[in-house]
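Good morning, and thank you for the time.

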Amino acid sequence: MPAKPHDIDVWSVEGQFQHLIYSPKGTIEGVMIDSEGAPAQFVCDAHDSAASASLAALKPGQAVVLEGTVAEPSPKGESEHEVYQLERVVSVDGKPAAPHHHPGHVAGTVARLNYAKHGEPNGVVLDTGDFIHTKPDGLKHLGLKVGDKVKAEGDVRPLATGGGQVVQARTVNGKPVGPGHG
């Protein structure tokens, strides 16, 4: 029986590009836009070179449409404005933007866990060399372990090493990645 699709609340926000947001290491980790007089911040993974490149190409004042999910509240304090996790740049100055990810899937057997910088498991690496990124809460929710057979669906792009792909998993074996994603 095929898995049912799961709804994820993705917001589409239109506005004027204001400026890039930098990480402490100087990489691009997001943008600020003005949406009808209200600031909105879209953040991306600082290691996502494709997203960073598409954001770096923006010029102040350009009309943009961005899609994203509302970011989880930070344990460091309340935000001054709405913060979204960037899913994709939809358009720039009314023209469709080239996608920096494409929907797809990877499948194989879990060979090992992958760990975030702070040491918590945040996904799995398959025997195919592909990496399924679930974030730590997603991995806990799914309960994956070495030897499990998996198929993950989400946005796919090549790994920086050139061998294999990384999928920002939305579903794994037909289940939503996290409790808030279904």
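**Strand pairing around β11**

Strand β9 (residues 131-133) is joined to β11 by 3 bridges, and the two run parallel.

Before I continue, a word on the source. This is a predicted model, in which local features need pLDDT of at least 70 and side-chain atom pairs count only at pLDDT 80 or more, whereas totals for chains, interfaces and linings use all residues. Residues are numbered from 1 along each chain as its sequence is written, and side-chain values use heavy atoms, with hydrogens and water left out.

To return to β11: strand β10 (residues 149-158) is joined to it by 7 bridges, and these two run antiparallel. β10 and β11 form a hairpin with 6 residues between them, and G162 in the turn has a positive phi of about 90 degrees.

β11 also pairs with β12, in antiparallel fashion, through 2 bridges. N173, in the loop between β11 and β12, has a phi near 50 degrees, a positive value in a residue other than glycine. As a general point, most residues other than glycine have a negative phi. N173 is partly exposed, with a relative accessible area of 44%; the scale I use is buried under 20%, exposed over 50% and partly exposed in between, with a 1.4 Å probe and protein chains only.

**Helix α2**

Which residues of helix α2 are buried? In this helix, residues 135-142, they are P136, G138, L139 and L142. Seen down the axis of α2, these residues fall within an arc of 165 degrees, so they line one face of the helix; the arc is taken over the directions from the helix axis to the C-beta atoms. Their cover includes β7 (102-115), β8 (121-126), β11 (165-172) and β12 (175-176).

K135, found in helix α2, has a positive phi of about 70 degrees although it is not a glycine. Its relative accessibility is 40%, so K135 counts as partly exposed. Just after α2, G143 takes a positive phi of about 65 degrees.

**The cores**

I turn now to the nonpolar cores. Such a core is a set of buried Ala, Val, Leu, Ile, Met, Phe, Trp, Tyr and Cys residues joined through side-chain atoms within 4.5 Å. The largest has 18 residues, of which V31, I33, F42, L55, L58, V64 and L66 touch the most other members. At least two residues each come from β1 (11-22), β2 (28-35), β3 (38-43), α1 (49-56), β4 (63-70) and β5 (82-92). β5 gives the most, with 4 residues. Apart from this core lies another, of 15 residues, among them V110, I132, V150 and V167.

Where is Y84 found? It is in strand β5, and at 10% relative accessibility it counts as buried. Leaving out residues up to four places away in sequence, Y84 touches W11, V13, A40, Q41, F42, V43, G68, T69, V70 and A71, where contact means heavy atoms within 4.5 Å. The C-alpha atoms of Y84 and Q41 are separated by 6.2 Å, although the two residues are 43 apart along the chain. F42 in turn has among its contacts V13, V31, I33, L66, Y84 and L86, again leaving aside neighbours within four places.

**The whole chain and its confidence**

The protein has 2 helices and 12 strands. Buried residues make up 41% of its 182 residues. Of the contacts between residues at least 6 apart in sequence, 49% join residues at least 24 apart.

The average pLDDT, which is the predictor's confidence in each residue from 0 to 100, is 86, and 89% of the residues score at least 70. Over residues 1-6 the pLDDT stays under 50, and the model has 7 contacts beyond four places in sequence for them. Where pLDDT is low, the predicted coordinates should not be read in detail.

Technical notes: Pairing = 2+ DSSP bridges.
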